[in-house]
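This report is written to be read alongside the sequence and the coordinates. Please keep both open while going through the sections.

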Amino acid sequence: MAVHLEAIAFVTDGIELAGHLRRPEGAQRRPALAVTGPFTGVKEQVAGAYAQRLAEAGFVTLAFDHRGFGASGGRRGHEDTQGKLADLRAAVSALAAHPAVDPARIGLLGVCLGGGYAVRAAAQDPRVRAVAGIAGGYNSPDFSDGYRAALQTFIERYDEYIPAVADDGTEAAMGGDEPWAYYGTARSAAATWENRVTRGSLHSLMTFDALGAAPLLAQTPLLVVHGRVDAYCSPDLAARLYEGATGPKRIEWLDCDLHIDLYDNEPYVARAAQAATEFFTEHLA
């Protein structure tokens, strides 16, 4: 299906957010999806890739840069968990106001940490009629001594910047070879992506409770797509999210070797996108 891409802007908390709205050809009002992607990700990367596939399947999609990242305004490179939830509410509002969208048929799709944000946002916004997480990061605060010590370090150096990824074993927000294999190479090339985040971003992520949204999804259908092996977003937490959700739900396990297989590797992305297409077609009909 042919897709028209339109650059749009919308505002929340006085911050202008930049988005790419993809609209399938045709005059009818369609179901729509706001798409949120990985930590530090921008709309030209993972979120945009899934938005394109779902648009080709017949949905209006909106992939956008959260505050502080990409072409959007806000404090640069700072992960603001409550701010990101506000961004998702604003994205739903932008879709609901668009003439190509049926405002009664809006869903959320999140990839990686976007999966955690999507389920929490869906639990808080009754306009969201269905939600899907792909390789989702369903964070759940810990209360161990090590956890508290890490939080203290992040607070003490809250405003310092560190690299998002690194290839030489030095400190990075996303350590290890796998994040570098995506963000540090041409695979993720995007002019507005920056290789830096605040230490305060890690405090925000560690204290964000996505898993706790599970029982609040009683009236919101949930799809979980996850790799059986994932060193960065826990399969155990994905299973716990699914088990804790009390409404209509579906889980699909994929035999991935890496977390980033669900960013841009086939056949995994195609399978995840197909599962999302079937799920949203059913629940946004």
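## Basis

This is a predicted model, in which local features need pLDDT of at least 70, side-chain atom pairs count only at pLDDT 80 or more, and totals for chains, interfaces and linings use all residues. Residues are numbered from 1 along each chain as its sequence is written, and side-chain values use heavy atoms, with hydrogens and water left out.

## Helix α7

Helices (H or I, at least four residues) and strands (E, at least two) are DSSP runs, numbered from the N terminus. Buried means under 20% relative accessible area, exposed over 50%, and partly exposed in between (1.4 Å probe, protein chains only).

Helix α7 spans residues 235-244, and its buried residues are Pro235, Leu237, Ala238, Ala239 and Leu241. Among the elements that cover these buried residues are α3 (113-124), β9 (222-227) and β10 (249-254). At the start of α7, a side-chain oxygen of Ser234 comes to within 3.1 Å of the backbone nitrogen of Asp236.

## Ala51

Ala51 sits in helix α1 (residues 46-56) and is buried, at a relative accessible area of 0%. Apart from neighbours within four places in sequence, Ala51 is in contact (heavy atoms within 4.5 Å) with Arg22, Val35, Thr61 and Ala63. From Ala51 to Asp257 the C-alpha to C-alpha distance is 24 Å, at a separation of 206 residues in sequence.

## Salt bridges

A salt bridge is a side-chain nitrogen of Lys or Arg within 4 Å of a carboxyl oxygen of Asp or Glu. The structure holds 19 of them.

One joins the side chains of Glu194 and Arg76 at 3.5 Å, N to O. Glu194 is in the loop between α5 (177-183) and β8 (197-198) and Arg76 in the loop between β4 (60-64) and α2 (81-96), so this pair ties together parts 118 residues apart in sequence. Glu194 is partly exposed at 32% relative accessibility, and Arg76 is partly exposed at 22%.

The side chains of Arg199 and Glu171 form a salt bridge at 2.8 Å, N to O. Arg199 belongs to helix α6 (residues 199-207) and Glu171 to the loop between β7 (161-162) and α5, so the pair links parts 28 residues apart in sequence. Arg199 is buried at 5% relative accessible area, whereas Glu171 is partly exposed at 46%.

Arg187 forms a salt bridge with Asp264, with the closest N and O atoms 2.6 Å apart. Arg187 is in the loop between α5 and β8 and Asp264 in helix α8 (residues 261-264), so the pair ties together parts 77 residues apart in sequence.

Note on methods: A polar contact is a pair of N or O atoms within 3.5 Å; within protein, one must be able to donate a hydrogen and the other to accept it, and residues adjacent in sequence count only if both atoms are side-chain atoms.
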